[in-house]
Amino acid sequence: MHQMYQIFQKEYRDFFISPIAYIVISIFLLISGWFFFMTFFIFNQAELRNFFTLLPMSFSFVIPALTMRLFSEELNVGSYETLVTLPVTLIDIIVGKFAAASAFVGTMLLPTLAYPIFISFLGDLDWGPVLGGYCGAFFLGSAYCAIGLFASSVTRNQIVAFITGALICFILTMLNKMLFFFPQTILDVISYLGVGAHFENIAKGILDSRDLLYFFSVIFISLFSTKLVLEEKK
């Protein structure tokens, strides 16, 4: 656990050194802020529905941009070989990097708390759906971080890692919106594989075990796949 925590600390600190992280956060806050204030000023609606509805799509591109360097950069410059010779296990490395990425996503969401606080000054705000929305956002962000980590482990090229991660996340995001392309017999399976319905349920404050199992499964499968890929590279 100590080695895992050391890796977590290093990777989390490195996010604040990289200019890409600040660029990605700025873009995310500009887009989310635009949709929130557009709803408020143009449509005269004081709500966070558009903000949470936008999250799966924006996370599909924002998070792979944050995670693309986690393994691909080390594989490219050769520091990964040094890392695996240290007294740490592969699981320590993977979980430490994943935890750092997830924590950074949580940090990225902190400034958006200004939106519900702003609404609360204008009238009564039901904080239940707001807390549910942020819980759903964290589960979604963690799942996409795991996918981005896997994409970063399969290539030395950060751009390829970004495209791979973004493509997987985008497909999961769009599956629920493309059900009419699939035959009736497999609609339930395809619907379950899509991230949209699971995120929306948690965002509404509905904690269904099936939705939690979905996110934990995506995280586990992605991290386990990362472990298999890195074992092949050793």
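These entries cover salt bridges, the core, the cysteines and the surface.

**Ground rules.** I am working with a predicted model, where local features need pLDDT of at least 70, side-chain atom pairs count only at pLDDT 80 or more, and totals for chains, interfaces and linings use all residues. Residues are numbered from 1 along each chain as its sequence is written, and side-chain values use heavy atoms, with hydrogens and water left out.

**Entry 1: salt bridges.** I searched the whole structure and got eight salt bridges, each being a side-chain nitrogen of Lys or Arg within 4 Å of a carboxyl oxygen of Asp or Glu. Which residues are linked in a network of salt bridges? I found Lys 10, Glu 11, Asp 14, Arg 69, Glu 73, Glu 74 and Lys 97.

I started with Lys 10. Its bridge to Asp 14 has an N to O distance of 2.9 Å. Helices here are DSSP runs (H or I, at least four residues), numbered from the N terminus. Lys 10 also bridges to Glu 11, with the closest N and O atoms 3.8 Å apart.

Next I followed Glu 11 to its bridge with Lys 97, where the closest N and O atoms are 2.7 Å apart. That pair links distant parts of the chain, Lys 97 being in helix H6 and Glu 11 in helix H1, 86 residues apart.

I then asked which of these are buried (under 20% relative accessible area), exposed (over 50%) or partly exposed (in between), using a 1.4 Å probe and protein chains only. Lys 97 is buried at 0%, and Glu 11 is buried at 2%. Asp 14 counts as buried at 18%, whereas Lys 10 is partly exposed at 38%.

**Entry 2: helix H4.** In H4 (residues 69-77) I noted Arg 69, Leu 70, Phe 71, Ser 72, Glu 74 and Leu 75 as buried. Just after H4, Gly 78 takes a positive phi of about 90°.

**Entry 3: the core.** The largest nonpolar core has 55 residues; such a core is a set of buried Ala, Val, Leu, Ile, Met, Phe, Trp, Tyr and Cys residues joined through side-chain atoms within 4.5 Å. Phe 59 and Tyr 144 have the most contacts inside it. Beyond its neighbours within four places in sequence, Phe 59 is in contact (heavy atoms within 4.5 Å) with residues including Phe 28, Val 105, Leu 140 and Tyr 144.

**Entry 4: cysteines.** How many disulfides are there? I counted zero, taking a disulfide as a pair of cysteine sulfur atoms within 2.5 Å. The sulfur of Cys 135 is 16 Å from the closest cysteine sulfur, in Cys 145, so the gap is too far for a bond. Cys 169 is in no disulfide either, with the sulfur of Cys 145 nearest at 8.9 Å. Cys 169 is buried at 0%, while Cys 135 is partly exposed at 40%.

**Entry 5: the surface.** I found a nonpolar patch of about 630 Å², made by Leu 110, Leu 113, Ile 117, Phe 121, Trp 127 and Leu 131. Helices H7 (114-122) and H8 (127-153) each give two or more residues to this patch. Patch members have over 30% relative accessible area and no salt bridge, with nonpolar side chains (Val, Leu, Ile, Met, Phe, Trp, Tyr) joined within 5 Å and like charges within 9 Å. Areas come from the Shrake-Rupley method with a 1.4 Å probe. Leu 110 lies in the loop between H6 (90-109) and H7, and counts as exposed at 52%.
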